[in-house]
Structure formats: structure tokens, C-alpha cells
Amino acid sequence: MTDRRSSSISSRKQPRQARSNELVAAILEAAVQVLVKEGAQRFTSARVAEKAGVSVGSLYQYFPNKAAILFRLQSDEWRETTEMLRGILEDVGKPPIERLRALVHAFIRSECDEAAVRGALNDAAPLYRDAPEAQEARVSGTRIIEDFMREVLPKAQETTRTLAGDLLTATLDSAGKQFSETPRTPAEIETYADAMADMFCAYLKSIEQR
């Protein structure tokens with residue numbers, strides 16, 4: 001059975017009762033299992049429904065197509081990452097550099113723990129990455145990084161702070177993805193995260209000293 005075609009990647013409706021919440025949770029759990037096992041190319045709503053033990057009609061009540069399911073998984077991942085960013089970088093009780101090091105370690109551990117799902121979601125990204133909802137989902141994380149750079153580099157020009165934030169984000173994403181493609185031990189993760197944090201801290205210190 002093929003997926004229904006729809007330009008929307010938003011959920012069709014939000015669950016309001018406990019039973020509905022349980023159904024959506026079962027669908028999303030099944031979606032992760034299908035995505036990891038089958039990959040983005042063979043991911044379909046029918047396979048997810050079968051894995052979840054529900055009818056395709058029940059699934060379509062909440063997700064109009066497979067892109068909507070994948071976008072929900074990706075949105076949940078973005079939200080978790082944003083909450084991690086906020087919890088670490090906005091903890092003003094700790095020095096900025098200490099927060100940055102904590103962020104790098106948390107991010108690399110997260111990448112390694114969820115490598116299979118994130119790799120499959122990256123493969124599926126063409127289904128939703130250009131949608132307005134996808135663009136909006138990235139905004140809050142970007143703002144947290146921008147606010148942190150204003151705090152840690154108060155005397156730098158705005159263009160310099162923007163560049164520093166962009167480099168931090170791009171390097172974490174790219175290096176984290178590449179590093180997590182191979183299974184890693186806790187010791188390897190710790191060593192890699194330490195080295196990356198050292199690099200970021202040295203870069204920010206060099207900007208301060210200009």
C-alpha cells in the first residue's frame with residue numbers, strides 16, 4: 001500500500017485523551033523501529049501501522065503521510081536538542097566556558113546514543129527539510145546559540161559572533177555525525193569531546209584577545 005499524497009507534514013490532529021496519546025506513542029515507537037530496520041527508502045505508513053499493530057486508517061487520523069511521521073520524529077529530536085542547549089547554555093550559575101564544554105560532551109554522547117535513528121532521519125530529510133514547519137523548528141536553537149555568543153563575546157562585532165555561532169553549530173553537526181557513524185566506547189567519546197571542546201575554547205579565546 002502506498003502513502004497518501006499530501007503537501008502537509010503537520011500532524012492531522014493532536015491526541016486529547018490518554019488512549020489517543022498511547023496510540024500516537026505506539027505509532028512513533030514503531031516508526032523508529034521501522035526507520036532503523038528498513039531505512040528511509042523503504043519506510044512507509046503501511047509498515048509503521050503493521051509494526052504498531054494498528055490499522056492504516058487509525059494512523060492516518062494523526063499522520064496524513066509518511067513525511068508527517070518522519071517530521072514528527074525529527075521535530076521531537078530538534079525539541080530535545082533545543083532543551084539540551086537551553087538547559088546547559090542558559091545555566092548562568094556556571095562560567096560560559098564550562099557550559100560550552102558541557103554542551104560539547106552532551107551533544108557528542110547524544111549523537112552516539114542515537115546514531116541509527118539520526119542517520120536514517122538525515123536520509124529522509126528531503127521529504128520535509130524545505131517545508132516552513134522545518135524552518136521554524138530550527139529557529140529557537142539558533143537563538144540560544146546567538147544569545148550565548150553575545151554573553152561570551154560581549155566586545156566582538158555582531159558579524160564575528162554570528163560566524164562563531166555558525167562554526168560551532170556546523171562543526172558539532174558535521175563532526176558529531178561522522179564520529180557517531182562508528183560504534184564508540186565511553187572513553188573514546190570522552191576523549192573526542194574533550195578535544196573538540198578544547199578547540200572551541202581556544203577559538204573563542206583568540207577572538208577575545210583580538
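Thr182 and Ala115 are 67 residues apart along the chain, yet their C-alpha atoms are separated by 8.8 Å.

## Overall fold and confidence

The protein chain contains 9 helices and 0 strands. Read from the N terminus, the order of elements is α-α-α-α-α-α-α-α-α. The C-alpha trace spans about 60 × 35 × 30 Å along its principal axes. Of the 210 residues in the chain, 41% count as buried. Taking contacts between residues at least 6 apart in sequence, 72% join residues at least 24 apart.

The mean pLDDT of the chain is 87, and 90% of the residues reach 70 or more. Residues 1-7 have a pLDDT below 50, and beyond near neighbours in sequence this stretch has 13 contacts in the model. Where pLDDT is low, the predicted coordinates should not be read in detail.

Arg72 belongs to helix H4 and is partly exposed, with 24% relative accessibility. The C-alpha of Arg72 is 8.2 Å from that of Leu28, a residue 44 places away along the chain.

Arg86 also lies in helix H4. Its relative accessibility is 36%, so Arg86 counts as partly exposed. Neighbours within four places in sequence aside, Arg86 is in contact with Asp91 and Ile144. Between the C-alpha atoms of Arg86 and Ile145 there are 8.9 Å, with 59 residues separating the two along the chain.

Leaving out residues up to four places away in sequence, Leu100 touches Leu89, Phe148, Leu168, Phe200, Cys201 and Leu204. Leu100 and Tyr203 are 103 residues apart in sequence, and their C-alpha atoms are 12 Å apart in space.

## The cysteines

How many disulfides does the model have? The count comes to 0. A disulfide is a covalent bond between the sulfur atoms of two cysteines.

Cys112 counts as buried, with 18% relative accessibility. Cys201 is buried too, with a relative accessible area of 13%. Cys201 is also one of the residues that Leu100 touches.

## The largest pocket

The largest pocket holds about 840 Å³ of space. The lining is made up of 33 residues, and those closest to the pocket centre are Glu77, Trp78, Phe107, Thr169 and Asp173. By residue class, the lining divides into 11 nonpolar, 11 polar and 11 charged.

Which elements give two or more residues to this lining? They are helix H4 (66-89), helix H5 (96-113), helix H6 (115-124), helix H7 (132-152) and helix H8 (158-180). H8 gives the most, with 9 residues.

Definitions and conventions: Residues numbered from 1 in each chain as written. Predicted model: local features only at pLDDT ≥ 70, side-chain atom pairs only at ≥ 80, totals over all residues. Heavy atoms only, no water. pLDDT = per-residue confidence, 0-100. Contact = heavy atoms within 4.5 Å. Disulfide = S-S within 2.5 Å. Buried < 20%, exposed > 50% of the residue type's maximum accessible area, 1.4 Å probe, protein only. 1 Å grid on protein atoms, 1.4 Å probe; cavity = no way out; pocket = protein on both sides within 12 Å on 5 of 7 lines; lining within 4 Å. Points joined across faces, edges and corners; volume = space filled by probe spheres on them. Helix = DSSP H or I, 4+ residues; strand = E, 2+ residues; numbered from the N terminus. Nonpolar A, V, L, I, M, F, W, Y, C, P; charged D, E, K, R; others polar.
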